[in-house]
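Good morning, and thank you for coming. Please look at the sequence and the model as I speak.

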Amino acid sequence: MLCYQRSLLGRGVLKSRIRVGASGRATLRCNAAPVSKEATARADHVALSELLDVAVLAAEKGAAVVRESLDRPRSISFKGTTDLVTETDKASEEAVLAVLRRHFPRHALLGEEGGVSGDTNSTYLWCVDPLDGTTNFAHSYPAFAVSVGVVRGGTPVAGCVVEFTGGPHAWATRTFAAHKGRPTTCNGKPVRVSEVSEVRRSLMVTGFGYEHDEAWSANMELFREYTDVCQGVRRLGAAAVDLCHLSMGLVDAYWEYRLKPWDMAAGVIIAQEAGATVTTMDGRPFSVFERSMLATNSRLHQQMLEGTGPKTRDLLERGVDLSPWLVPPGYDSTQQP
Ligand code: IPD
Ligand code: CA
Ligand code: CA
């Protein structure tokens, strides 16, 4: 039986839908106009610095919308029992996408609220989380962000995250930015992952999605196991923020199951260019379409895999689907960056 996943039934410029099968496997469908791949690839080559400039511009536009709403009552609706969305998520996404469409009308876009739009023959796919950490935002708890990343294939190549910090009476933002080959900056200053090399000396962070399935339960076990052997495991509730905190050495490792491309695209390039190693939780190469992610300072990666690897392989052996998903139809997720 197929059902629509409401989180992507937004108001995309081109109609898009995610269909989720009984297996949990999802496919995105869109009605973008067909253009030959070769023509698009030639037409849309863009310098990394330009991609980053536009990512920053777009994320700042989204952040301006969020900033305006900080001290106003929230208008909340529910996508699931606990998965909520506010008017601010939607308004922020519109602001971000308007910038991206103005600069790159032929690129493919994937927004959390609106789904797929643009030309999926493009070599570039922009992954936009207009408000990552919506639950925190709804409660004025200071761990949320606007996240704008661009990938080639499944690999993030540039991204910007504007993080909201401080909380009521003390709101502030900091802007993280990176592109492939350019060191990550926070408010224009270089940042770097930590040098911690032992699990027992480390502070970690993880996250739990809205779907309380086998992967969620497996992660509860990992949470308990690591809480026992490291200095603490935090759960902030905003994946992009978690990755940015890794990039500046506030935490030493971060993992999570079932994140979506828009949760990870910007944060992963920001973490990588600050020195992080990022793979799936069983040690395979990372792609934004994967359903597990382990990001650590490079010294801890192997040790962390000794815990997350077996847990993830056990899920696979039990038939839990962790295969790549949410690839927009027509988009070549296998191309090399
Ligand atoms: C969520 C946050 C959270 C993570 C969830 C995400 P949203 O995004 O990033 O940390 O655990 O899996 O869905 O819904 O606040 O944009
Ligand atoms: Ca998110
Ligand atoms: Ca969101």
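Predicted model: local features only at pLDDT ≥ 70, side-chain atom pairs only at ≥ 80, totals over all residues.

Residues are numbered from 1 along each chain as its sequence is written, chains are lettered from A and ligands numbered from 1 in the order in which they are written, and side-chain values use heavy atoms, with hydrogens and water left out.

Let us begin with ligand 1. Which residues come nearest to ligand 1? Of the 15 residues around it, they are Asp132, Gly133, Tyr210, Gly237 and Glu256; a residue counts as near if one of its heavy atoms lies within 4 Å. This shell divides into six nonpolar, four polar and five charged residues. Here Ala, Val, Leu, Ile, Met, Phe, Trp, Tyr, Cys and Pro count as nonpolar, Asp, Glu, Lys and Arg as charged, and the others, Gly among them, as polar. Strand E8 (residues 124-132) gives the largest share of the shell, three residues. Strands, of at least two residues, and helices (H or I, at least four) are DSSP runs, numbered from the N terminus. Both domain 1 (2-190) and domain 2 (199-317) supply at least three residues to the shell, the bounds coming from an automatic or database domain assignment.

In the side chain of Glu256, an N or O atom lies 2.5 Å from an oxygen atom of ligand 1. For Gly237, a backbone N or O atom is 3.3 Å from an oxygen atom of the ligand. The protein covers 95% of the 380 Å² of accessible area that ligand 1 has on its own, by the Shrake-Rupley method with a 1.4 Å probe.

I turn now to the metals. Asp129 (OD), Asp132 (OD) and Asp263 (OD) coordinate the calcium ion (ligand 2) at 2.1 to 2.3 Å. Donors are N, O and S atoms within 2.8 Å of the metal (3.2 Å for Na, K and Ca); water is not among the atoms, so sites may look incomplete. Because Asp129 lies in strand E8 and Asp263 in helix H7 (residues 261-272), the pair ties together parts that are 134 residues apart in sequence.

The calcium ion (ligand 3) is coordinated by Glu112 (OE), Asp129 (OD) and Leu131 (O), at 2.2 to 2.4 Å. Asp129 coordinates both calcium ions, ligand 2 and ligand 3, which are 3.8 Å apart. Are Asp129 and Leu131 buried or exposed? Both are buried, that is, under 20% relative accessible area, where exposed is over 50% and partly exposed is in between (1.4 Å probe, protein chains only).

Definitions and conventions: Polar contact = N/O pair within 3.5 Å; in protein donor to acceptor, adjacent residues only side chain to side chain.
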